Structure formats: C-alpha cells, structure tokens
Amino acid sequence: MSETVMKVRAPATSANLGAGFDTLGVALSLYNIVTVKRLLPPGEFVSEVKGEGARELSDSKSNLIIKSYLEACSAWQITEPKGFEMYSNNTIPLCRGLGSSANAVVCGVLIARELNRVSASESEMLRVMTKIEGHPDNVAPCFLGGMTVGCWDGDNLRYVRLPSLPSDMYVVVAVPNVRVNTSDARKSLPEMVNFSDAVFNVGRSALMAAAWATGQWDMLSWGMDDRLHQQYRAKLFPGGEVIIDRVRKMPGCLGVAISGSGPSVLALSRGKPRKVAEAMCRTFSEHGIESLFFVLEGCAEGAKVDTYF
Amino acid sequence: MTEELVIKGVTHDLDVAKVVLMGLPDVPGTAGRLFTSLAERGIGAEMIVQNNMRGGLNDIGFLIRKKNLDDAIEVCRNFSRDVEAQGVSFNTEIACVSVVGEGIASQPDVPSRVFVALGEAGINIAMISSTDLSVTCVVSSTRANDAVRALLDHFISEA
C-alpha cells in the first residue's frame, strides 16, 4: 500500500527567449516529479533525490523545495507548518538554464498550499513563488504552463499567460556538461546599457510577445534577438560565442537563444530537428565540452498536483 | 596470463546515437510497446539498459544508428508524451569503443583492464556492454581516438 500523500509533476522552463530578459518564459515537456511520502511533525523534514542533483540536493536543510515550502508557509502566516518526507525524481539538469530552481520553488509552494489547506488564488500563488525566486520568468510558466509575460517590482506582479507552442514546433535544447551559476551570470552583466540597445530589446521583446500571441512564428528570428545580456553570458561557457550565430542561419531554425542564464541553448525549429540539434552539440564538442540534447515541445498545463488524502 | 593471446583488436564506431527515456511508468508492457514502435519504423536498438528508479519510474537507455535519428526522435517523443514519461534525451557526440577477441567472458580481468585503461587516460564511460566476443564502452566522440590508443597500448602493444 502506497504511503503517498501527494505528487507534483512540474515542467522545465526556458527564460528570456532572447530579448525578454527576466520577463518571458516558456514551459517545456521535461519534468521533475516530487512525491510527499508521509507527513511528519512540524519542523521535521526528510528528503531524497534521484537523478539530476542527487548528490547535492538530498540534504533536507538545503533542499530548495523544503525552503520554499517554509517560506510560503511563512508568507501565509502558518505558525506550525507540517513536516514531511519527500523524494524527488529529477530530470532537469541543475545550473544549465532550464529552470531547475524555479521548479523547486513551484513544487514547494504547491506543497505548502495543499498540506496546509491554504486557499490562495492563482495570482497570490504566483506572487509568493516570484518573491522567493526573485523574478517571474521561470516560475510563471512552470506554474501556469504555456508562455508567460511577467513584470515584477519586488512586491507586485503583473502577468499574462499565452498559449503553448503548436504541436509541429520542435524545441531543441542543447545542454553542455558545464554549469553556469545564475548569480555569476548576473554579475557578468553591465550596470548601464546603451540607449539604442535598450530600444532594440524593447522592440524585439514586444514583437516576440505579439508574434507568440498571434501565431506569427516567422517573426521569431527577430523576436528572439537580443543586445542586453546574451553577448556577456555567451562568454561564460565554451562555444557560447559562436553557437547562436551558427544555428540561427540553419534551414528550419526559427529562432535561437541562450536558455535562461545558460549554458543551455534553445532553438525553435519547424521540420526535422536533427540537423539543428547535431550542429549545436557539435559546436560544444569543438570547444571541448560534452553535451546532450532534448527535443521538447511546449507544455500547456504547467505544474500538476495529485493529492491522496 | 593468456589474455594477450585472446584479444584480437580494438575497434571504434562513431555511427551511433544514445537515447534515454526518463521516468517511464514501471508497468508490464511499457518496454514492449516502446521497442515495438521503434521496430515498426525499422529502428534497431543496441545496448539496451533499464535503470530502476524510486517511485515506480524507470529509465531506459539504448543506442541507435545515426541514420535512424530523425525517426527515433519522433517515435520517442510521441511515446514519452503518451505514457507521461519525464522526458527523453539524445546524444550524438558519442562513440562505441570495443576490445574484441574470443572467449573474453572466460577471462575475468579483461573488463577491469578495459575500464582501468580508459580511466587512466581520463576517459569517462557512459555505457558498458559485454559479450563472449567483446567488451564495449560508450565514450565521448571527442575522446574516441584517445580511447582506442589507450586500449591498443594496453592490450595489443604489450602482446
């Protein structure tokens, strides 16, 4: 007899999509599954992790799911949050720009809502998630699915969820075997940007959101262009400075960008994705880095919760 | 020691791609349906490995010929969606490196010597299989030549 209390199946996400720095994000068909096995007295937590991050995430004191759970409980003024034993089957690589930390935040907040029977609206849930994560571009699509546009001022969030990608669109994600720490990636960015570069990105990100909303996919190559962050982040991993230009010119490639803060690189493709994927991984190999690739699709649903109590 | 007489050669094969379906439901028939779907498209699979995970989920990894990659991507994506697997990954930057000979299975130290030789060359092993005729390791394609050289040095040059 299973002791399972609840399960959360939450998707990977790719933030920015080029121009939409800290604003745009899309949910992808690669999932972590968190299982709460049994309830424990308040303050007691046991965690076990299989798959990606098994070595570093199993300590319950540093587990981001449990930290997020406790932060959400604190935000909702739950004085004695239930403890629990959990395990997580992880497929989303850590520190590769595929939203693994946002995934943990979303799972933790959802567990807090369910175990403590909190009645929170979608926008309140997302506000708490964004407060913990610091920006909405990963947590919003992870929680809601589809593609999201989110704006955050530190306390207040405004967001719009757009539909997921059409089923004939391939999301090719090349994942090099090297990590980029998100805070290091942020430190690489300049404090000031050129006015014309800012205008460039305003136009591109607006075009991206409008094109996505109306299904004008031929606009993506412009919409995913960027002058604010990718040129700096591309220097943080081998091959980063050549891969985007190389892949962008390939037939069938609609757009390409560094996924989140990298080092993964995401390309949207119509038609067979093999050549795009092989070109991305070959580029990493040429720079001495092993890699693998996913051929994903848009995830329309977002995080899914099943409860058994 | 007689293994120097047993080992006939070292080969490598760059025409392979690795596929891993992650988080498949641990229910009877899942592997049968997956490999039937692949076979119906003419896709043969080699070096099939299943890892048992916690929580009623399994990973299944295998190798295919690169010419079948387009079809394999389509089949595995559809299968992954249908059974609500956690995802599927592909790796084309790999190579199979094999030590080949007769009666390898009767020489208990051959696999360990293969692994030690690769390890001393700083080469990571992604997958392993063995038969009576060969011990095969999947390594990064960028290290394939180094792997062959290390194994030749170890098994052939010393013969």
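**Close-ups of a predicted two-chain model**

**View 1. Confidence along chain B.** Among the elements of chain B, helix 1 (residues 3-6) has the lowest mean pLDDT, 55, while helix 2 (residues 30-40) has the highest, 97. Keep in mind that this is a predicted model. Taken as a whole, chain B has a mean pLDDT of 91, with 95% of its residues at 70 or more. For the complex, the predictor gives an ipTM of 0.91 and a pTM of 0.92.

**View 2. Where chain A meets chain B.** Here 33 residues of chain A are in contact with 24 residues of chain B. About 2,500 Å² is buried between the two chains, and carbon and sulfur atoms give 50% of that area.

**View 3. Polar links and the chain A side.** Eleven residue pairs, both partners at pLDDT 80 or more, are in polar contact between chain A and chain B. Which parts of chain A give two or more residues to the side that touches chain B? They are strands 1 (6-15), 2 (24-40), 3 (45-51), 4 (83-90) and 10 (291-296), plus helix 11 (274-286). Sorted by class, that side of chain A has twelve nonpolar, nine polar and twelve charged residues.

**View 4. A salt bridge up close.** Two salt bridges are counted between chain A and chain B. One salt bridge joins A:Lys304 to B:Glu84, with the closest N and O atoms 3.9 Å apart.

View 5. Strand 10 of chain A runs antiparallel to strand 5 (residues 87-91) of chain B, and the two pair over two bridges. Look for A:Phe293, which stands opposite B:Phe90 in strand 5 of chain B.

Conventions. Residues are numbered from 1 along each chain as its sequence is written. Chains are lettered from A and ligands numbered from 1 in the order in which they are written. This is a predicted model: local features need pLDDT of at least 70, side-chain atom pairs count only at pLDDT 80 or more; totals for chains, interfaces and linings use all residues. Side-chain values use heavy atoms; hydrogens and water are left out. Contact means heavy atoms within 4.5 Å. Buried area is the accessible area (1.4 Å probe) that two parts lose on being put together, summed over both. A salt bridge is a side-chain nitrogen of Lys or Arg within 4 Å of a carboxyl oxygen of Asp or Glu. A polar contact is a pair of N or O atoms within 3.5 Å; within protein, one must be able to donate a hydrogen and the other to accept it, and residues adjacent in sequence count only if both atoms are side-chain atoms. Helices (H or I, at least four residues) and strands (E, at least two) are DSSP runs, numbered from the N terminus. Ala, Val, Leu, Ile, Met, Phe, Trp, Tyr, Cys and Pro count as nonpolar, Asp, Glu, Lys and Arg as charged, and the others, Gly among them, as polar. Two strands pair if DSSP finds at least two bridges between them. pLDDT is the predictor's confidence in each residue, from 0 to 100.
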